[in-house]
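Subject: Structure handover

Hello,

Here is the structure we spoke about. Please open it before you read on.

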Amino acid sequence: MAKNTLSSRFRKVDIDEFDENKFVDDHDEAADQQGPDAVEIDNLIRQGDMMAALHIALRNPPINSKNPAIKERAQAAVLRVLTSFKSSDIEPAVKSLDKNGVDLLMKYIYKGFERPTENSSAILLQWHEKAFAVGGLGSIVRVMTARKTMTT
Amino acid sequence: MSYHSFLLEPISCHAWNKDRTQIALCPNNHEVHIYKKDGNNWSKIHVLKEHNGQVTGIDWAPESNRIVTCGTDRNAYVWTLKGDVWKPTLVILRINRAARCVKWSPKENKFAVGSGSRLISVCYFEQDNDWWVCKHIKKPIRSTILCLDWHPNNVLLAAGSCDFKCRIFSAYIKEVEEKPAPTAWGSKMPFGEVMFESTGTSGWVHGVCFSDSGNRVAWASHDSTVAVAEGGKTAVCASLTSETLPLLCVTFITENSLVAAGHDCYPVLFVYDSNKAALSFGGKLDVPKQSAQKGMTARERFQNLDKKATTDSKEAVLESVHKNSISQISILNGGKAQCAKFCTTGMDGGMAIWDVKSLESAMKDLKIV
């Protein structure tokens with residue numbers, strides 16, 4: 001009797017995976033989304049053209065991509081752009097974005113909050129205040145209810 | 001617009017009778033209370049006690065004067081008025097989770113119940129057995145059904161679900177009706193067929209509504225969006241993201257205008273332009289009376305700065321009529337084509353009746369097309 005209770009392999013089985021009621025999201029095809037072009041963004045930041053850098057950083061978000069590296073790269077690029085903005089330029093930059101752009105910016109801001117670095121939280125809070133003034137509570141609700149996230 | 005506070009508890013759901021003199025509502029417990037209008041007051045005339053769990057949906061059939069209620073006890077009851085008493089008849093729904101919403105069909109020969117068991121029970125009365133019988137719509141629903149609405153042809157049913165989709169099903173029961181004519185959503189309508197499934201919005205679908213003609217369906221989703229789809233060869237979808245908290249209920253008041261309300265405690269107007277297939281924001285429908293601006297003393301300013309780190313003089317009091325989320329909206333007069341009055345109930349236990357004509361005149365730039 002001692003022997004047949006030895007095997008504990010069953011403890012490693014994830015029983016929830018076999019639940020037939022388990023909800024699986026529809027997987028849309030990951031379109032050609034490589035994330036924003038880091039090289040181009042670097043150039044623009046060096047030239048001082050912050051608005052263009054922001055617009056390019058918010059293009060091509062890697063939403064459906066299954067590759068976490070792409071998402072990390074995109075997040076890092078956007079964070080670089082956001083931190084190199086001057087405080088006074090933040091408001092006009094947010095105003096220049098359309099509705100989807102503001103929603104996307106909010107998503108990146110919250111993702112940036114998740115991994116705080118030295119100065120990032122302070123500047124992200126300023127961005128958050130300005131984006132909130134334009135996007136309102138709705139944009140924050142959309143960050144929380146988004147299924148096709150660029151974070152996981 | 002008039003506001004009446006019924007209770008301190010939330011009103012879970014409500015339904016009006018045909019001539020709008022009586023309202024049946026659930027005061028967040030196992031009972032249904034029926035109030036009768038008495039001049040300017042409301043008096044409770046009936047208490048319907050049969051459910052063992054919170055009553056989540058009530059619908060009052062105007063022509064046949066029957067009430068159907070459904071609750072978290074997985075049952076539904078059809079109540080008929082015998083003399084001065086409402087007598088319940090149990091309907092076995094064959095579900096193993098709570099029922100969430102119930103709606104009579106336009107001809108009142110069927111009703112549909114949405115439940116947490118990931119299915120819709122369509123119930124009809126079988127004369128031979130003198131008993132309500134139900135059929136299930138299961139595929140391809142993957143989560144709780146939160147809201148239902150019938151198409152005017154008595155066959156199509158729109159359902160909003162927690163699996164982030166709004167779908168239109170056919171609920172054609174051959175025992176009680178003939179084959180329906182083709183509609184904008186399709187011509188073959190066997191029972192359980194999916195005529196339309198939404199894509200694009202994420203978030204639970206809290207409220208769904210067909211327009212008066214049945215060619216359009218609108219839904220409000222938890223990601224703070226409202227969307228309208230128009231049936232046709234390929235269904236055309238238009239959605240609008242909003243800057244407010246999510247909306248919980250939506251209804252058409254004309255073929256092109258929708259009123260929706262939700263966690264922001266005030267109803268909002270949206271206008272649908274079918275030429276551009278675009279939805280736009282029409283305006284807030286709750287204009288609070290401007291309270292006199294009191295000047296702030298220096299002491300108050302300092303206190304505010306100390307407590308809230310801001311010198312704002314805005315008090316933390318809601319200026320809208322409802323003091324908590326609005327959970328249900330119902331049309332009183334005029335139908336969905338030319339609504340003249342609609343009613344909202346919410347989690348503050350109050351009911352407000354809104355008059356469309358006076359809203360239009362009170363708010364400039366408000367056009368209800």
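Below are notes on the interface and the salt bridges.

This is a predicted model, in which local features need pLDDT of at least 70 and side-chain atom pairs pLDDT 80 or more, while totals for chains, interfaces and linings use all residues. Residues count from 1 along each chain as written, chains are lettered from A and ligands numbered from 1 in written order, and side-chain values use heavy atoms, without hydrogens and water.

**The interface**

Chain A gives 18 residues to the contact and chain B gives 17. Contact means heavy atoms within 4.5 Å. The two chains bury about 1,300 Å² between them, 53% of it on carbon and sulfur atoms. Buried area is the accessible area (1.4 Å probe) lost when two parts are put together, summed over both. F23(A), K99(A) and R142(A) supply 36% of what chain A buries against chain B.

One salt bridge crosses the interface. That term means a side-chain nitrogen of Lys or Arg within 4 Å of a carboxyl oxygen of Asp or Glu. K99(A) pairs there with E243(B), at 3.4 Å from N to O.

**Salt bridges overall**

Over all chains there are 14. Where do their residues lie?

- R167(B) and D163(B) meet at 3.0 Å; both are buried.
- K86(A) and D89(A) are 4.0 Å apart at their closest N and O atoms. K86(A) is exposed at 56%, and D89(A) is partly exposed at 28%.
- D273(B) and K276(B) come to 3.6 Å. D273(B) is partly exposed at 26%, and K276(B) is exposed at 64%.

Shared partners also join K103(B), D149(B) and K336(B) into one salt-bridge network.

Best wishes

Technical notes:
Buried means under 20% relative accessible area, exposed over 50%, partly exposed in between (1.4 Å probe, protein chains only).
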